[in-house]
Each structure stands twice: as structure tokens, then as C-alpha cells.
Amino acid sequence: MSSFQEIIFKLKRYWADRGCIIQEPYDVEVGAGTMCPETFLRVLGPQSYRVAYVQPSRRPADGRYGDNPNRLFKHSQLQVILKPSPDDVIEQYLGSLEAIGIDLRKHDLKFEEDNWESPTLGAWGIGWQVMLDGLEITQFTYFQQCGGIDLDLVPAELTYGLERIAAFLEVRDSVYDIEWTKGFSYRDVRYLDELQYSVYNFEMADIATLWKLFELHEAEAARLLQAYDPKSPEKKRFPILPAYDQVLKCSNIFNTLDSRGAISVTERVGVIQRVRKIAVGVAHAWLDQQQPVLTAETAEVAQ
Amino acid sequence: MSLPFLLEIGTEEIPDWMIPGALESLHLLFEKAEIPHETVRLDATPRRLVLRAEGLPERQADSEERILGPSKSAPAQAVGGFARKQGVAPDELATESTPKGEYYVFVKKVAGRATKDILAESLADMILKIYFPKSMYWAGKNGPRFIRPIRWIVALLGAEIVPFELAGVRSGALSAGHRRLGSPEIAVTVEDYERRLRDHFVILSAEERRQKISRELNGVRVKMDPALLETLVYITEYPTPISGSFDAQFLELPEEVLVTVMRHHQKYFSVQDAQGKLAPKFVAVMNIDADPEGFVRNGNERVLRARFNDARFFWETDQKKKLADRVPDLAHVTFQAKLGSYLEKAERMMTLVTDLGGDARAVRAAELSKCDLTTELVKEFTELQGVVGGLYARVQGEFEPVWQAIYDQYKPESMEDSIPRNRTGQIMALADKLDTLKGCFRVGLIPTGSRDPFALRRAAQGVVKILVEGKFELPLLDLIAGDEALQSFLEERVRFYFKEVRGFKYDEVNAAMAVGWSNLVDLEARLARIQDLRSSPDFEPLAASFKRTRNILEQAKFTGGGEIDESLIEAGPERDLYDEYRRIAGQPIEHAISKLRPKVDLFFDKVLVNAPDARIRQNRLTLLNTLLKEFSMVADFSQIVTNS
């Protein structure tokens, strides 16, 4: 039987063997592995890229105080980006399932239409949810647009739901019973996260403070984007990456406010637009930053 | 020699619901290419769209092209130049007489092109033109678009490959088997194609997959569900049903919730016991051949258990706050930014149900109708809104008409769906839909083309269906109070309903609606009368005469008014017609038609309406106009399309 961490090791090894950079989780709170700069920014532009990382993903509204056997405030995604997507991407993906011990000859696997969209990131793609014996284990997406920009190369994004896969492999009815490693269950490691963040997100988060924080981070992102000068010969130095951290902060605070019931449906659309605006701004600035500075001379040469 | 043709477009998994449409589109495109063939057959699985045709010619027929040269009187130099350009000697040119005189002409023989070449040139384009409601690019920004990436193409004409390239894929004779049970590359010929696929666990024919599922269900009493069956047929290449079970204690949850989880979330058939009650069992359809060790069954049972546990948790949580106590919470749920919250909508509906003749129970139902939007169960299973509200209202002791009205409030959801089962529900559903329509039109949210984000077409169709089938003698036009855009929107739905749903002919609908359509029950009755009248041999001729009458009145710019002056009526056909009119006026047209028709015919035959005497002319026009009005209460018969 594979422990939770063994499954992670095997998947990382598998994708490392296929040319992926193995990254560690990003150190700012995110709702999904897609939001990490390793995905959101790297999918932009004409450079090939391959990366895999485990990303703890926070969904404040999904917390259940550690009581629900299947729902988590913070679950773990294994995020794989293959840019451009290889022709045999599905075969490679199936190979990864075999690598963690799923005998596909004996299980039922279906690709069911599921197109992914993130309004806050101005991103969407076409793809499937991958169902294994009726359980959704992976979201498979061909990215089409990110930060409102059509992508030059179409990346395949594979997002594995690690707790579900572990529960499947270990035949557990509750994710809390998963063996993290010998002698430690998932409950031992994560129960308090679930309990305390549920209490915070649903009961104790101070709404006024969160709004204030949201506005501060939003303003900081906007200030930086305003200051970015595409014509500056020094533009490579410009802190676009830190500006993006501010976007991520806003997104997480928005989710927390939402779980706290502090955002009405009407307001919701407006707040999503605000986050989207700075996310799109970062994407455009990042893309520009990858290009050489277009001075009068180089512009002439380019013509 | 005639040849068979095989085209297989190998893709990654295509969404099941798009497949039949894609095949239809491919078929049309192939027919449009005008490549002669005897038969054509289309098939598909999630990973392949297949067109097979028989009887294609090896080459197209030879043809001749006539190239017109200089006039016969042109100088020899010009004639020589023309001949040289065509690559022949001048004496090999023919001549032809044209309206402009005699001309030299060169008859060019064009050999028919090889069908293979024509196909090779046109197939890539044909494939990319297949219509999908949504498409993607996968080979870079300016690459081709298709529903999902194309991974292989088989194109064979007889024994030969039709060579072309699309998105970096070269056509060939290699297909692919089932992802896990078959080989990824299998060599095929036109003849052995279907058999080779079968050897590799791909059943090409949808009908065969459908039958395999039905056959292997035998003995299990599944709840018939043709739409789910279609989904499963197009989501599998080798479908095999398996049954599983769940803990009977979950049967305490409402059947609607259990069935929704199984049907919509897990794509399972639900199972009934001998009495037709829901049994603690389900049937899943796998995309493999067997489950000898029970892994698939166990896995699906675990997933279902987790989902049912969730549903039970939500059901129990929601019971802690009654619907009635949730009314104020609706202030925080937006119906539409410009139209306010659901609380405001509920309040408008409470007034509207009264206007529509609803009693205190209808008002109560309207008040509670949207409260389930605040429940956990509806947040999880949005497709159960309304139903969940109805179920909670029942548990919480609301009267039967009230909970049923809440339960049925979104009915009819389609033209096939029934209207709410009781009067309270019908009135409330009408109020809900009318409120949405009026509100959206007022703030300019009017559907355009295929864009209809608030499903206003469905709402309007629902209004029409409830009014007619619920026998509501309500003046629809008064209910929408002068909104012209909404009026023409509804008019279109009324027309659609009576034509497409009820099967009345378009001219009957035009004729009946021309004299009014505000009261739809009355309109339905008049349409039924027209339909009956149509079988009378006098009907069409009379309709033709009415049309003639209308034309005469229009040409004469007759504006009506005035009485018939009996003294001006001439003896003979005119007098006969007038007398007949006096006898039958006020009778239903069914009684009058056979008596009226010969008199009208004779009148038109013998009497000159445009009499030289202006007074007589005016009197005759008045007579015709009176007749037309008298017998146009049911319909404007001049709109009936006649063969004569």
C-alpha cells in the first residue's frame, strides 16, 4: 500500500523523468496550483516549459471543521504543466496512474467534458475531469487563455487531487484515515489546520480588517503596475513577481470574505473584476518584460 | 470501377452530446463535396468520427471545355496566335456560330480527375469545417481549431491511402484500439476496419453499444432514462453495465435527491423494486469489458456513499432553519443586479399571483418559493432548486397546494414537460415567469440570436403552455402592459407553440392570430375550428374568395363605414348574396359556409364590383366588407393559403 507521501514521491519522480522541473509549493496562499507563478506566468509567451509541484490549495468555503470525510479547507494538488502539450500527453498521464499502482486494466477510466475557467485570472481552457471508478481524480485542461491573453503555445495542465487518489489507493472512506507515512495518519498531520481555519474563516475572521487588507494589497499591485515602464532599459529589474504576490493575496482574502458571508452576490461580480484587473495587468506586464526593450534603434532594425 | 471509402478522424475524447451533431455536419459536408457515391454511413465513438461510403468512381467523368477564339473574319495572324496559345494548329480549330457571328473555337478535352486526388485536396478542409458548439486550438495560437486534438487519421479509397496532412497528422491506414484494452496502433483496410476495431475492444456502431447496454441490463429493473443511455453510449467505446448497491438507510432521504446524485453526478441508472419504488441499488456503465475482482463496483459504491453522506448532512443542516425563517435572507441573494434581490422578486410575485386570481395559498407559495436558494442542499445540487423547496415545505407542514406549487415552480422546463400539477402552482409559475420577462425586458436584457442568458425563451414558452393547457382565460397582452418588444417576443412563442408543438399549419396560425391572440384559450378554440373547417369542400374556395375580397377592398382603398343601402342592390346574384347574408348573419361559420360559398362564387362570377356608378360601387364594397367582417370572427380566412 502506498502512503500519501509515497504517492507524491512517485508522481514527482515520474514527471521528473519526463523532463519536468520539480518545484516546491509556492509560499503565498493560493486557491489552486494554477495560480502559482509557475503556472500563471510561465504559460504565457513562446518559451517551452515543463514543471511539476505539489501545491496546498486553500478553499475557505470548503472547510468543514475536520468533520466531513471528503471536504477540506486545504487540499493538496499535484500540478503538472507541459508546455507545449506533447502529442501523447494522455498516454503519459495514464502512465503516471500506472506508476502509482493503479492497474488500468482493472479499473474504469472516463474522460468527461469539463472546461475550466477562472474569472479572477482571466483564464480558461478546454478539457475533462478524469473519472476513475466514478471518482474525479484529475482535472485535465488545455489552456487557451491566461490573463486575458491568447496563449502562443497550448500547455496541458494536469491537476491531481492527491487526497482523493490516496484514499482511492488505500481504500479509505475518509481522507483523515489516509496513511501520510508509517505511524502518521492524515488526521495527525492536518486535522488542526482544518478545524482552526474553519473557525477562523466562518466565525472569527474580522470582516473590516479583511476588506482593509484587500484594499491595501490591491493598491500595492496597482501602484507597481502603474510604475512599470515598458520602454525602460532597466525593465528586467522591475518587480512584476512581487506585484503578482499582491494579486494572490487579494484572491485569498476575497475567498475568505466570501466564506465569511461578507460578499453579496451583487458585490461578488465587482470584486472578481477588481482582482481580474490586476491579474490581467500583471500578465501583460510580465509578457512585455520577457521581450527586449524596444528602443528607437531596435525598432528600426526590427522593421 | 467503383471503390469504397473510409475516413476515420481519431481524436481525444469528444464531449458525448456533441457527437451526433458532428456526424450530421460531416455528412452534409461530404454531400456538398459532390463526390459521386452510392451509400454513405456515419459512426462515432468518443475517440473517432467515421464516414464510410460505397461506390465512388476511380475517376470523375471526362468533360469538354469550349474556349472561344477570334471571329472567323479576324486576320490569320490572330487566329494563328489563338491556336498557338491552345497548343494546336489553326486547322484543328472548330467554328461555332454565336449571336455575334461565326467564331473559332477550341474544344479542350478535360480528363476526369482521380477521385483520390480530389479527396486528398478536400478532406482536411472538410474536417476542419465540421461544426462544434465550442472548439479549441492545441498546436499553437494560429493552429487549426477542432473540438479536441486530432491524433490520427485513416483515409482509404479502396486499397490506397488518400494522402493529406492536418495539424501535423498524416493520413494513413493505422487506427487505434481501446485506450486500455486494445493496441494503440492497428493496421486496417476498408474491408476489415470494423472487425479490427472490435478485436481491439471498440464497438463502432452506437446502436450496437446501445443494445449491448440494454441487453446486459437484463434482470435489473432500472428506471428507464433514454437521455442517460445516449450519454453513456457516446462516452464509451466498449460499454459494460455493472450493478452496485448502497445502504438502505439512505432511502430515508428524498428520492429526488438520491436520483439526482446518481443520475447527474455519477451517471448511474437508478433501480426500482417490484412495486416501482426506489431500490438501494444502481447500475453504472463501465468503459471496459469486465470487473471480475469487483474493483470498479467497490469504487463506485464508495463514491456514492460519500455523496449520499454529504446530501444527508446538508438535508439535516437545512432543517435547522425553516423556509419561512429564511425569507429575510433573500434580501442578500441577488436576482439580477438591475432587478434587485430575490426578496423583492418574491414580493412582486405575491402581488402578481393575486392579480392572476390566486388565493392566500398562492400568496404563501410565492412568499416561500425562492427560500430554498439559501439552503446548502440547493447550493450543492442547483438543478434541484424548487424541488428542494417543495420537499422542505412539505416536511415543515405547509398545505399540500403550497408545497406542490413550490415544488413545481420551474415547470414546464421544456416543451415536453408538463405544467405544474395544481392551480396554485400554475398561477405561481406564471407569476414567476411573467415577472422575470417583464423585468428583464424593462431593463433591456433582451435575448439576441443564440444569447439568452436568463432563459427568457423558456420562460415565455412556459407562460404560453401554462395559459393554454391550464385553460387560463386571461388577457396576456394586458398582463404585459404595453411592452412592445415583449409583445412581439411572446407573439413569436405563441406562433411557435401552436405550429411546432401543437402541429397547426402555419397559415391557420396566421389566420387565427390575425384577429387576436391575447386570450390563448380562445385562440386555441378558434384554431381547432379552423382545422375542422378545413376538411369542408367549401372551405378553400371560400378562403380564396375572402382573399379576393380583401384585395378588392384594398385596391379600392375602402375605409369602411356606412350602411348597406338595400335600394341599390341589383336583383340576381347580388340580391341573392345579400339575402343569404341576412339569413345566416350571426350563425357560426360552420353552419354558414356551405350556404354562403355558392352565393359568393356566383356574385364574383356575374357582378362587377367596380360598377361605373360610384354609389353602386360603394354599396357593393360595403356589402363585401360587411361579409368579411361577419365571418372573420374566428380567423382572417384571407390568410389561408389555397391551392386554387
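**Helix α19 of chain B**

I started with what α19(B) packs against: its buried residues sit against α18 (484–501) and α20 (520–534) of chain B. For contact I used C-beta atoms, placed from the backbone, that lie within 7 Å. Helices here are DSSP runs of H or I with at least four residues, strands are runs of E with at least two, and both are numbered from the N terminus. This is a predicted model, so local features need pLDDT of at least 70 and side-chain atom pairs count only at pLDDT 80 or more, while totals for chains, interfaces and linings use all residues. Residues are numbered from 1 along each chain as its sequence is written, and chains are lettered from A and ligands numbered from 1 in the order in which they are written.

I then listed the buried residues of α19(B) (506–514), and they are Glu508(B), Val509(B), Ala511(B) and Ala512(B). They span an arc of only 165° around the axis, which puts them on the same side of α19(B). The arc is taken from the directions from the helix axis to the C-beta atoms. Buried means 20 or more other C-beta atoms within 10 Å of the residue's own, exposed means 12 or fewer, and partly exposed is in between; the C-beta atoms are placed from the backbone. After the helix comes Gly516(B), with a positive phi near 125°.

**Helix α13 of chain B**

Next I checked α13(B) (387–395), where seven of the nine residues are buried, so the helix is largely enclosed by the rest of the structure. The buried ones are Val387(B), Val388(B), Gly389(B), Gly390(B), Leu391(B), Tyr392(B) and Ala393(B). I found that their cover includes α7 (255–265), α8, α11 (360–368) and α14 (400–407) of chain B. Gly397(B) follows α13(B), and its phi is positive, near 85°.

**Cores**

I looked for nonpolar cores, meaning sets of buried Ala, Val, Leu, Ile, Met, Phe, Trp, Tyr and Cys residues joined through C-beta atoms within 7 Å. The largest has 154 residues, and those with the most contacts inside it are Phe282(B), Val353(B), Ala366(B), Met428(B) and Ala431(B). Helix α15 (423–442) of chain B gives the most to this core, with nine residues. I followed up Val353(B): leaving out residues up to four places away in sequence, it touches Gly358(B), Ala362(B), Val363(B), Ala366(B), Ile427(B), Met428(B) and Ala431(B). Apart from this core lies another, of 75 residues, with Leu72(A), Val130(A), Leu224(A) and Phe254(A) among them.

**Chain B against chain A**

I counted the contact between the chains: 30 residues come from chain B and 33 residues from chain A. On the chain B side, the elements giving two or more residues are β7 (136–137), β17 (278–286) and α8 (295–318). α8(B) gives the most, with nine residues.

**Strands around β7 of chain A**

Then I traced the partners of β7(A) (135–146); strands pair if DSSP finds at least two bridges between them. β6(A) (123–132) pairs with β7(A) in the antiparallel sense over nine bridges, and Gln129(A) has Gln139(A) as its bridge partner. Two residues separate these strands in their hairpin, where Asp133(A) takes a positive phi near 50°. β9(A) (156–161) pairs with β7(A), again antiparallel, over five bridges, with Phe140(A) opposite Leu158(A). β8(A) (149–150) pairs antiparallel with β7(A) over two bridges, and Gln145(A) stands opposite Asp150(A). That hairpin also has two residues between its strands, and Gly147(A) in the turn has a positive phi of about 60°.

I went through the cis peptide bonds and noted Lys83(A) to Pro84(A), with omega near -5°. Pro84(A) is in the loop between β3 (74–83) and α3 (89–99) of chain A. I also noted Lys411(B) to Pro412(B), cis with omega near -10°, in the loop between α14 and α15 of chain B.

Val171(A) is not a glycine, yet I read a positive phi of about 55°. It lies in the loop between α4 (162–170) and β10 (179–181) of chain A and is exposed, with 12 other C-beta atoms within 10 Å. Lys267(B) also has a positive phi, near 55°; its loop runs between α7 and β16 (269–272) of chain B. With 19 C-beta neighbours inside 10 Å, Lys267(B) counts as partly exposed.

Definitions and conventions
Two residues are in contact if their C-beta atoms, placed from the backbone, lie within 7 Å.
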